[in-house]
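Visitor: I'm new to protein structures and would like to learn how to read one. Could you walk me through it?

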Amino acid sequence: MTGQRHPGLERFAAEITARLGFRVDQQNEDQVDQILRRRLEKTGCCTIEEYLAGFQDAKSAEKELREIALDLTVPETYFFRHPEHFQALIEVALPERMKAREASRRLNMLSAGCASGEEAYSLAAAVAGVAGLKDWDVHIRGIDINPHLMKKASQGRYSAWSLRGLSEAQRATHFRLEGDVYLLDASLLSAVHFESRNLLDDDVRFWQPDFFDVIFCRNVMIYFSSSAIRALAERLTRSLAPGGFLFLGPSETLRGVSPEFHLRHTHGAFYYQRRALHEPILPATEIPQARGRAHAGPVPAPQEESGAAWSSAIADSSNRIAALAHRADRRADKRSEVKTPTSFTGPAFPAEQDLKDVHDLLRQERFEDALKAIHALPAQGSADSDTLLLQAVILANQGELSQAEQICGQLLARDELRPGAHYLMAVCQERRDDHLSAAEHDQTAIYLEPAFAMPHLHLGLLARRLGDLQTARRELGGALVMLEREEASRILLFGGGFTREALMRFCQAQLDRCGGSR
């Protein structure tokens with residue numbers, strides 16, 4: 001945008017964040033400025049004061065906010081978008097919830113931020129395909145802040161573009177073509193109830209405790225501020241039954257937001273399951289002591305292998321990983337706003353200077369001295385999650401991989417959403433030739449932190465050794481770009497003693513061996 005921004009932009013942005021939860025930053029403030037100018041013109045208001053005064057009336061404010069929300073969001077959706085989510089729903093989530101609800105034989109499902117209804121109806125179609133649910137009472141709700149979209153959804157009339165993810169057989173099963181419009185089958189049309197609702201409105205009658213069995217809330221949090229993300233996550237957690245399932249968009253995570261979920265990864269999809277009632281978040285226990293001295297950085301020696309199992313496992317997520325990579329900067333900036341609650345990391349933290357001393361010893365590859373410095377910390381400080389991860393890195397560099405893996409296991413039991421622990425676990429498991437588990441942890445680290453270069457590099461090396469050159473080129477190429485802007489502290493921690501420049505040269509050499517180029 002050229003020219004000066006509207007002088008009332010800051011106040012308008014504050015209203016958007018407070019009432020809708022949408023974040024306004026350098027990435028979208030030009031868009032918000034344009035929206036403000038359009039809304040002033042549309043409402044006939046001459047000043048920002050006059051315009052914002054209209055927000056004092058509840059009905060006027062609600063109507064205006066919905067128009068703003070429509071301008072700020074991109075309601076891009078179609079039937080069975082991200083089909084891997086629906087495969088996980090049918091084969092994992094629904095069977096588990098059917099066991100849990102056997103007594104009542106009732107399931108409640110929610111599509112939050114469902115736009116024009118394609119996602120909600122996809123849930124209904126998935127349920128209809130599960131034979132065991134024929135005589136169950138299944139309730140599906142679709143909610144969105146925009147009433148125009150809710151009206152469209154309730155009509156069940158769609159263009160061919162909304163059906164682009166369906167096969168001809170699926171189209172014939174669920175739709176009837178009338179001219180150039182596809183009419184949804186009446187059985188699916190009646191299976192979903194739609195209503196207009198702001199996700200930030202904490203209506204206790206709607207958000208009943210432990211009510212929903214499955215919630216799809218995909219590509220909603222990407223628009224929200226950190227405080228709104230937390231508020232929404234708390235609401236979703238409260239209303240999701242223990243053991244219930246939450247599906248987020250591929251570029252959204254609960255990392256640093258909620259400890260109340262297990263991260264699941266099946267069918268090439270990441271999703272969440274609420275912890276069982278009163279299930280504890282396990283603390284780390286005994287800290288193993290180092291014994292050996294053998295240096296073992298995170299870049300292992302090549303082993304030429306191949307296998308169909310590897311190709312099958314890695315192919316499911318390679319495209320998703322590539323799609324995530326271009327969002328890395330935005331994701332990293334957004335998540336840096338969301339601070340991990342102190343309950344994630346234990347009751348006490350080591351002094352900053354103490355950890356600086358340990359990092360200095362690590363930089364000098366004085367591993368035993370670094371471990372001694374950690375062991376000299378107060379008991380609570382040495383049990384801090386960041387300190388434990390640092391200890392695991394040092395142990396891995398000494399060749400004590402089983403001890404490093406043990407600590408990583410403790411860290412992931414405490415908090416499953418730590419990308420560094422997943423990456424280090426991948427290195428440990430690759431060293432004992434468990435390549436599929438190593439790839440799984442690399443993929444998880446990438447999902448949690450797409451801008452983290454090392455799991456991309458490690459996954460690329462695994463793929464190259466096992467003959468999947470397409471994935472190898474994709475991951476190594478992404479790693480090479482990310483290494484240029486990787487934080488120096490993370491290079492120190494996970495780079496195995498190599499400098500940024502050395503890692504980039506190594507990565508380029510491996511990419512060349514795969515027939516790729518930067």
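Guide: Let's begin with a definition: helices (H or I, at least four residues) and strands (E, at least two) are DSSP runs, numbered from the N terminus. In this protein chain there are 23 helices and 10 strands. The model is a predicted one, where local features need pLDDT of at least 70 and side-chain atom pairs count only at pLDDT 80 or more, while totals for chains, interfaces and linings use all residues. Residues are numbered from 1 along each chain as its sequence is written, and side-chain values use heavy atoms, leaving out hydrogens and water.

Visitor: What percentage of the residues in the protein chain is buried?

Guide: Buried means under 20% relative accessible area, exposed means over 50%, and partly exposed is in between (1.4 Å probe, protein chains only). Of the 518 residues here, 54% are buried. Take A439, which sits in helix α19 and is buried, with a relative accessible area of 3%. Q364, by contrast, is partly exposed at 46%; you'll find Q364 in the loop between α13 (352-363) and α14 (367-375).

Visitor: Which residues touch the most other members of the largest nonpolar core?

Guide: The general idea is that in soluble globular proteins, nonpolar side chains tend to be buried together. A nonpolar core is a set of buried Ala, Val, Leu, Ile, Met, Phe, Trp, Tyr and Cys residues joined through side-chain atoms within 4.5 Å. Here the largest core has 51 residues, and F12, Y51, I68, C217, L246, L254 and Y272 touch the most other members. There is also a second, separate core of 50 residues, including L424, M454, I491 and C507.

Visitor: Which residues is I68 in contact with, leaving aside its neighbours within four places in sequence?

Guide: Contact means heavy atoms within 4.5 Å. With those neighbours set aside, I68 is in contact with F12, I16, L20, I35, R39, Y51 and F55. For the protein chain, take the contacts with a separation of 6 or more: 75% of them are between residues 24 or more positions apart.

Visitor: At what angle do helices α18 and α19 pack?

Guide: Two packed helices are described by the angle between their axes and the distance between the axes. Axes are lines fitted to C-alpha atoms, for helices over the stretch in contact, and angles run from 0 to 180 degrees between N-to-C directions. Helix α18 (residues 419-431) and helix α19 (residues 435-448) pack at about 160°, with their axes 8 Å apart. That makes α18 roughly antiparallel to α19, since angles over 145 degrees count as roughly antiparallel, under 35 as roughly parallel, 65 to 115 as roughly perpendicular and the rest as oblique.

Visitor: And what about α17 and α18?

Guide: Helix α17 (residues 401-414) packs with α18 at an angle of about 145°, and their axes are 9 Å apart. Among the residues of α17 that meet α18 are L401, A404 and C408, while the α18 side includes A421, L424 and M425.

Visitor: Last one: where does N219 lie, and what is its phi?

Guide: Most residues other than glycine have a negative phi, and most peptide bonds are trans. N219 has a positive phi of about 60° although it is not a glycine. N219 is in the loop between β7 (212-217) and α10 (226-239), and is partly exposed at 22% relative accessible area. R105 also has a positive phi, near 50°, and lies in the loop between α5 (83-100) and β1 (106-112).
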